[in-house]
Amino acid sequence: MDENRPARLERGRRRQPHRTHHRTGAGHARLEGLAGQLDLAFIDANKDDYDAYYERCLKLVRPGGLVLIDNVLWGGSVANLAIDDRDTKAIRVLNAKLKSDERVDLALFTVGDGMTCALKR
């Protein structure tokens with residue numbers, strides 16, 4: 001662990017306060033008022049809400065912005081139809097939606113549990 005990381009982050013915020021914004025609190029509430037302003041959104045949250053976070057993030061990022069979605073392969077569980085827990089089902093549903101979503105161009109990184117990169121058109 002990098003013990004100096006918090007100090008480095010704070011120095012970065014002070015050097016470019018117009019570019020860095022620190023927000024804390026419940027995710028949905030903290031996202032209000034940011035529509036179309038972000039270059040990048042990263043989703044790694046409770047899997048049941050992945051679709052809601054995806055839809056919200058699409059509103060938040062500008063055209064040409066990226067939405068990164070973590071855990072889209074879920075340790076291989078999404079490919080094993082015998083596994084039908086809630087989280088796995090939610091990820092499968094989102095993956096199917098992403099495949100046909102004409103609002104984005106997709107890339108899938110098979111690193112770790114998988115990450116989808118959705119480029120907003």
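Which residues does I43 touch, not counting residues up to four places away in sequence? The list is Y50, Y53, Y54, C57, V67, L68, I69 and D70, where a contact means heavy atoms within 4.5 Å. Keep in mind that this is a predicted model: local features need pLDDT of at least 70, side-chain atom pairs count only at pLDDT 80 or more, and totals for chains, interfaces and linings use all residues. Residues are numbered from 1 along each chain as its sequence is written, and side-chain values use heavy atoms, with hydrogens and water left out.

- β1 (38–43) and β2 (61–70) run parallel, joined by five bridges; strands pair if DSSP finds at least two bridges between them.
- Across that pairing, I43 stands opposite I69 in β2.
- Helices (H or I, at least four residues) and strands (E, at least two) are DSSP runs, numbered from the N terminus.

**Nonpolar core**
- The largest core has 15 residues, and I43, Y54, V67, I69 and L94 have the most contacts inside it.
- Two or more residues each come from β1, α3 (50–60), β2 and α4, with α3 giving the most, at five.
- A core here is a set of buried Ala, Val, Leu, Ile, Met, Phe, Trp, Tyr and Cys residues joined through side-chain atoms within 4.5 Å.

**T88**
- T88 sits in helix α4 (residues 86–100).
- T88 is buried, at 0% relative accessible area (buried is under 20%, exposed over 50%, partly exposed in between, with a 1.4 Å probe and protein chains only).
- Not counting residues up to four places away in sequence, T88 touches W74, S77, V78 and I83.
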